[in-house]
Amino acid sequence: MNNYIKLNEDRWNNVKNDYTEPLTHEELEEVRNNPISVALTVGKKAPKEWFEKANGKKILGLACGGGQQGPVFAIKGYDVTIMDFSKSQLQRDDMVAKREGLKINTVQGDMTKPFPFEDETFDIIFNPVSNVYVEDLENIYKEASRVLKKGGLLMVGFMNPWIYMYDADIVWDKPDEELLLKFSIPFNSKELEEEGKITINPEYGYEFSHTLETQIRGQLKNGLAMIDFYESCDKRHRLSRYGNDYIATLH
């Protein structure tokens, strides 16, 4: 499918999962009275020390809709903009903001295209796991570098590519079947579908593993020097017994 972005957008407009459930009033009150706690990946929160390194409080939540991280930033006093390609995800941020009397600027946008912001607009870009739904990462890092202020911080969560070597259906839904290596990486579901090797389930959309070189060097060559990183693990599936399946970087 050439327009894989549209299918992935439709998926996020209609799916219901852990990432589409807005925070409740009670959850946000807990946030108000405790140090900032937001997730770039499954299994671990981003270190609060990362936010303490920022020179200011103007933050872009990139592909970060859903009424979760955005309201946390707002209640902690950040000047928040959330950009996401899913209208329904952005509506969740708008709903929570209205309910709680918070200010969140929501922008519907595709991160494979030029970001609709001026140069050097943000002190922080917070990008939880999402570039797995994008085939080419070049624009994301180029635009992130452009819209960050000098000395600004980019926080990115992404999938460790090794997990895509295994059939996801067997990993998640068939615990009695043997785990066997099936795919080479980088995994590209669009190409595999075109070759007739897989069938895309619209509920999950198109995914792309990306190499560590593409992920990390893609950031570095756009002037985004790495200053910290961590790994985390989603223990809901059996690959977690063999290694961490998420990486987060701070630039």
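View 1. β4 and β5 run parallel and are joined by 5 bridges; strands count as paired when DSSP finds at least two bridges between them. Helices (H or I, at least four residues) and strands (E, at least two) are DSSP runs numbered from the N terminus. α9 packs on the sheet and touches β5 and β7 (246-250), its direction making about 170° with that of β5. The model is predicted: local features need pLDDT of at least 70, side-chain atom pairs count only at pLDDT 80 or more, and totals for chains, interfaces and linings use all residues. Residues are numbered from 1 along each chain as its sequence is written, and side-chain values use heavy atoms, with hydrogens and water left out.

**View 2. Helix α6 (residues 138-147) lies across β1, β4 and β5.** α6 runs at about 150° to β5; axes are lines fitted to C-alpha atoms, for helices over the stretch in contact, and angles run from 0 to 180 degrees between N-to-C directions. Asn139, Ile140, Tyr141, Glu143, Ala144 and Val147 of α6 are buried (under 20% relative accessible area, 1.4 Å probe, protein chains only). These buried residues pack against β1 (58-62), β4 (122-127), β5 (148-159) and α9 (212-220), where contact means heavy atoms within 4.5 Å.

**View 3. The open sheet has 7 strands in the order β3-β2-β1-β4-β5-β7-β6, with mixed pairing.** β3 and β6 (228-232) are the edge strands, each pairing on one side only. From one strand to the next the twist averages 15°.

**View 4. Strand β2 (residues 79-84) is largely enclosed by the rest of the structure, because 5 of its 6 residues are buried.** β2 pairs with β1 in the parallel sense over 5 bridges, and Val80 in β2 stands opposite Ile59. Between β1 and β2 the chain passes through helix α4 (residues 69-75) in a right-handed β-α-β crossover; right-handed means that, with the strands pointing away from the viewer, the path from the first strand over the helix to the second runs clockwise. β2 also pairs in the parallel sense with strand β3 (residues 104-108), over 5 bridges. Thr81 has Asn105 in β3 as its bridge partner. The β-α-β crossover from β2 through helix α5 (residues 87-100) to β3 is right-handed.

View 5. Ser189 is buried, at a relative accessible area of 2%. The Ser189 side chain reaches the backbone nitrogen of Glu207 at 2.8 Å. Neighbours within four places in sequence aside, Ser189 is in contact with Ile198, Ile200, Tyr206, Glu207 and Phe208.

Note on methods. Buried means under 20% relative accessible area, exposed over 50%, partly exposed in between (1.4 Å probe, protein chains only). A polar contact is a pair of N or O atoms within 3.5 Å; within protein, one must be able to donate a hydrogen and the other to accept it, and residues adjacent in sequence count only if both atoms are side-chain atoms.
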